[in-house]
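I opened this entry to keep a record of what I looked up, in the order I looked it up. The structure goes here before any notes.

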Amino acid sequence: MPKLWDETIEAHRQAVRQAALDATAALVAANGIRAVTMSGIAEKTGIGRATLYKYFPDVDAVLGAWHERLVASHLDRLDALGQRSGTPGERLRAVLEAYALIRQQQDGGELAALLHRGAHMDHAHARLSGFIRDLLVEAAAAGHVRDDVPPHELADYCLSALGAASSLSSRAAVLRLVEVTLAGMRIQR
């Protein structure tokens, strides 16, 4: 049983919540999203089910919180790639490749579709679109991508095109999709 008690009640609550989300992540990875139960989460966390219900009303709430945390970690990773050193074109490619690979790994089932709805996804999409748009502005200024289409439209193009990665079965296919997406934004002379 993990040590979940902390110095303050709020820190303890956060530790229990994070432990439950960590357990959920492990259960999803091991058995798939449909196999996650409150009993399984409680057992893996090392707490009683009654305690878990004090933090989350049902398994859907736990899965929603887990998914929100997962999406936030993806966005942080993509943002970090966009901030690293390199030309705007290199950074744009890195972000688009990472995004497409994330999309490829997503579970496409009904439950996953439900998790991708909601306010946290609206915020996530706006954040993602915003930093891709900002990278496109830099890339256009450096002559790496076309500037005859507004950056927000090119960002929408990227996200829509790379959404197809969810149906691809290999990394090579995903990278080809990224290359085709980038080719559509190159300067036409």
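I began with helix 9, residues 171-183, which has 13 residues and reaches 18 Å from its first C-alpha to its last, close to the 18 Å expected at 1.5 Å a residue. The expected span is 1.5 Å times one less than the number of residues. Helices here are DSSP runs of H or I with at least four residues, strands are runs of E with at least two, and both are numbered from the N terminus.

I noted the ground rules next: this is a predicted model, in which local features need pLDDT of at least 70 and side-chain atom pairs count only at pLDDT 80 or more, while totals for chains, interfaces and linings use all residues. Residues are numbered from 1 along each chain as its sequence is written, and side-chain values use heavy atoms, with hydrogens and water left out.

I looked up which residues of helix 9 are buried, and found Ala173, Val174, Leu177, Val178, Thr181 and Leu182. Buried means under 20% relative accessible area, exposed means over 50%, and partly exposed lies in between (1.4 Å probe, protein chains only). These buried residues pack against helix 5 and helix 8 (151-162). Contact means heavy atoms within 4.5 Å.

Serine 170 lies in the loop between helix 8 and helix 9. I found serine 170 partly exposed, with a relative accessible area of 28%.

**The whole chain**

I then checked the secondary structure of the protein chain, which comes to 9 helices and 0 strands. Of its 189 residues, 39% count as buried. I also looked at contacts with a separation of 6 or more: residues 24 or more positions apart account for 63% of them.

**Helix 1**

Helix 1 covers residues 9-31, 23 residues in number, and reaches 32 Å from first C-alpha to last, close to the 33 Å expected at 1.5 Å a residue. I listed its buried residues as His12, Val16, Ala19, Ala20, Leu21, Ala23, Thr24, Leu27 and Val28. They pack against helix 2 (38-45), helix 3 (49-55) and helix 4 (59-83).

Arginine 13 is also in helix 1, but it counts as partly exposed at 44% relative accessibility. Arginine 13 and tyrosine 55 are 42 residues apart in sequence and 8.3 Å apart in space, C-alpha to C-alpha. Just after helix 1, I found glycine 32 with a positive phi of about 90°.

For helix 4, I looked up leucine 70, which is found in that helix. Leucine 70 counts as partly exposed at 30% relative accessibility. Between leucine 70 and alanine 25 there are 8.8 Å in space, C-alpha to C-alpha, and the two are 45 residues apart in sequence.

Two packed helices are described by the angle between their axes and the distance between the axes. Axes are lines fitted to C-alpha atoms, for helices over the stretch in contact, and angles run from 0 to 180 degrees between N-to-C directions.

How do helix 4 and helix 5 cross, and at what angle? Their axes come within 8 Å and cross at roughly 160°. That makes helix 4 roughly antiparallel to helix 5 (angles over 145 degrees count as roughly antiparallel, under 35 as roughly parallel, 65 to 115 as roughly perpendicular and the rest as oblique). On the helix 4 side I found His74, Arg77, Leu78, Leu81, Gly82 and Gln83, and on the helix 5 side Arg91, Ala94, Val95, Ala98, Tyr99 and Ile102.

Helix 5 (residues 88-105) and helix 7 (residues 119-141) pack at about 150°, with axes 8 Å apart. They are therefore roughly antiparallel to each other. I noted the residues that meet: Pro88, Gly89, Arg91, Leu92, Val95, Leu96 and Tyr99 from helix 5, with Leu128, Phe131, Ile132, Leu135, Leu136, Glu138 and Ala139 from helix 7.

Last, I checked helix 5 against helix 8, which pack at an angle of about 35° with their axes 10 Å apart. Here Leu96, Tyr99, Ala100 and Arg103 of helix 5 meet Cys158, Leu159 and Leu162 of helix 8.
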